[in-house]
Amino acid sequence: MKKYVLLITVLIVTIIFSSCRDDFSFSNSTGDLRFSQDTVFLDTVFTNIGSSTRTFKVYNNSSNDIVIPRVALAQGENSNYRLAVDGVPGRVFENVELLAKDSLFVFVETTIDINDFSNGDEFLYTDAVEFDNGPNLQKVELVTLVQDAIFLFPARDAQGVEETLLLGTNEDGEEIRINGFILDDTELTLTAAKPYVIYGFAAVPANKTLTIDAGARLHFHSGSGIIVGNEGSLQVNGLPSTTDDLENEVIFEGDRLEPIYADVAGQWAAIWLTDGSKDNIINHTTIKNASVGIIMDNSNPSSNGATLKVNNTQIYNSSNSGIIATTGHIEAENLVINNSGQSSLVLRLGGEYRFNNCTIANYWNSSFRQDPTLFISNLIPNTEFTADLIQAQFTNCIIYGDRDIEFILADDGVSQFNFSFENSLLKFNDRFNDFTGLPHYDFTNTSLYNLNVINQDPIFKDEDNNELEIDDTGGANGIANPMTGAANDILGNPRPATAPDAGAYESQDLSAGS
């Protein structure tokens, strides 16, 4: 009997201690946590008014019970976000346990006084919830725009997989996808009522038009942009402004609103007009700090005239180029492009183009630039692709920059290559005579070059800061053709009936304002 009782006791003790080891033996996390979302977008908040609460889940998909050594806001106790991890409030948590094949909830909210961070009317407040540290560190980003705004971003399915856009397939038949989402009918008119913050590519579907009203403000996260599909259209309806706030102009820029990011190139991707898009119109717009301001793939014969019409628009601080057009059809007037990491304007693989009273400049100073301000070709370099350059006409323009040779004409001799410069100021200082004898650079040929001025400084107001107004003693002063020039300059100033200026701006006495 005693042996039987002892046996039962041993079995009970064994079960108890075995159970303890199974239920409460935790190993450290190894950086393999999964999250229901990698970025949490809180409602935009007004200063000193708390946000609504957002929730995300943390998954332990392993077969082991784990302990997360640290869960904390990156800014720690100084953060303006507040957390609750499985119902426990705080900003820093130690040794958070998570059973195998289980999950926990993290709740996030915030209250922010915008005056603590910015003197402006809006501010993008960010932090991150960090899990573990060192090589096992994982993060969930937190984003709050302190002001009223509208967030547009890809949806996630029940498994947490983010929505993507199919671009096509590669040579191996594999799908090519980018992060993005298709705008629905309720999102195809963007107004000036609230700023928009866009994550991923916002896609305009076929046979639809994205209309952007005067005064609208669009802020793009890194790698984000707008993409216009086949038979889709983009119409940006900016209007002239009367103040320095550009109250009626449409502005495309990054989502980092701190002053140090005001002129940082490459913060977002591009406006991408894909092959087959049509009737794209951009008026009174500023496009700044993108990788490429506008990418245009091919032209569409069904367009009403040019596939892209750009008027009274500025494109600044592009880490690659302001515009890259491939067999495009563009008409532009009072367009300004400046500060591009490569060429400011690329017209490649032929196409049809007309630029009037445009200032195409490049004074990039963030790295070494070897490409000219303007590059025109009927080919794509290092490929066998070739197409007719039907027309590349520049009238009353400024093509200038801080390098000797600021335009290159690449003709493969196979396809047509038709171009002309008239009443324009050009920078082409062939100091080593590398282009002597080449027909495309014969500046005495009036069918190609007519009434132009070469290598005379336009005297910009402040080219490094994208202030491309010109002085009335500069090389562009009085050289335009009043019969072909725009009636007004980009600021709405009327151009004189005789001897107007080349470029997007009518000249002024800049010394008077110094």
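This is a predicted model: local features need pLDDT of at least 70, side-chain atom pairs count only at pLDDT 80 or more; totals for chains, interfaces and linings use all residues.
Which strand supplies the largest share of the lining of the largest pocket?

**View 1. Lining of the largest pocket.** The largest share of the lining comes from strand E26, which gives 4 residues. E26 covers residues 308–318. The largest pocket has a volume of about 1,600 Å³. Its lining counts 50 residues. Arg217, Asp244, Asp245, Leu246 and Ile251 lie nearest the pocket centre. Strands that each supply at least two lining residues include E19 (217–220), E22 (250–254), E24 (280–288) and E39 (467–470).

**View 2. An open antiparallel sheet.** Five strands, in the order E2-E4-E9-E6-E7, form this open sheet. Their pairing is antiparallel. Strand E2 (34–35) sits at one edge and strand E7 (88–90) at the other. Each edge strand pairs on one side only. Strand E6, residues 81–85, is joined to E7 by 3 bridges in the antiparallel sense. Within this part of the sheet, Leu83 stands opposite Gly90 of E7.

View 3. Is Arg34 buried, exposed or partly exposed? Its relative accessible area is 45%, so Arg34 counts as partly exposed, a class that runs between 20% and 50%. Leaving aside residues up to four places away in sequence, Arg34 touches Lys57, Val58, Tyr59, Asn61 and Gln138. Val58 is 24 residues from Arg34 along the chain, and their C-alpha atoms are separated by 5.9 Å. A polar atom of the Arg34 side chain also lies 3.4 Å from the backbone oxygen of Asp32.

View 4. Strand E17 spans residues 201–204. Phe201 and Ala203 point one way from the strand, while Ala202 and Val204 point the other way. All four are buried. In a regular strand, side chains alternate between the two faces of the sheet. E17 runs parallel to strand E14 (residues 175–182), with 3 bridges between them. Here Phe181 stands opposite Ala202. E17 also pairs in the parallel sense with strand E20 (residues 225–228), over 4 bridges. Ala203 has Ile227 of E20 as its bridge partner.

View 5. The whole structure holds 26 aromatic pairs. One of them joins Phe421 and Tyr449. How are these two rings arranged? The ring centres are 5.7 Å apart and the planes meet at 5°, so the pair is stacked; the cut-off for stacking is under 30 degrees. Phe421 lies in strand E34 (residues 417–422) and Tyr449 in strand E36 (residues 449–450). The pair links distant parts of the chain, 28 residues apart. Both residues are buried. Ring pairs also connect them into a cluster with Phe355, Phe394, Phe407, Phe417, Phe419, Phe428, Phe435, Tyr441 and Phe443.

**View 6. Gln393, a buried polar side chain.** Gln393 is part of strand E31, residues 389–395. Why does Gln393 count as buried? Its relative accessibility is 17%, and the cut-off for buried is under 20%. The side chains of Gln393 and Arg354 make a polar contact of 3.3 Å. Beyond residues up to four places away in sequence, Gln393 touches Tyr353, Arg354, Phe355 and Ser420. Phe355 is also a member of the aromatic cluster.

Methods. Residues are numbered from 1 along each chain as its sequence is written. Side-chain values use heavy atoms; hydrogens and water are left out. Two strands pair if DSSP finds at least two bridges between them. Buried means under 20% relative accessible area, exposed over 50%, partly exposed in between (1.4 Å probe, protein chains only). Contact means heavy atoms within 4.5 Å. A polar contact is a pair of N or O atoms within 3.5 Å; within protein, one must be able to donate a hydrogen and the other to accept it, and residues adjacent in sequence count only if both atoms are side-chain atoms. Rings of Phe, Tyr and Trp (its six-membered ring) pair if their centres lie within 6.5 Å; planes under 30 degrees apart count as stacked, over 60 as edge-to-face and the rest as tilted. On a 1 Å grid over the protein atoms alone, a cavity is a set of points where a 1.4 Å probe fits but cannot get out, and a pocket is an open set with protein on both sides within 12 Å along at least five of seven lines; lining residues have an atom within 4 Å of a point. Grid points are joined across faces, edges and corners, and a volume is the space filled by probe spheres set on the points.
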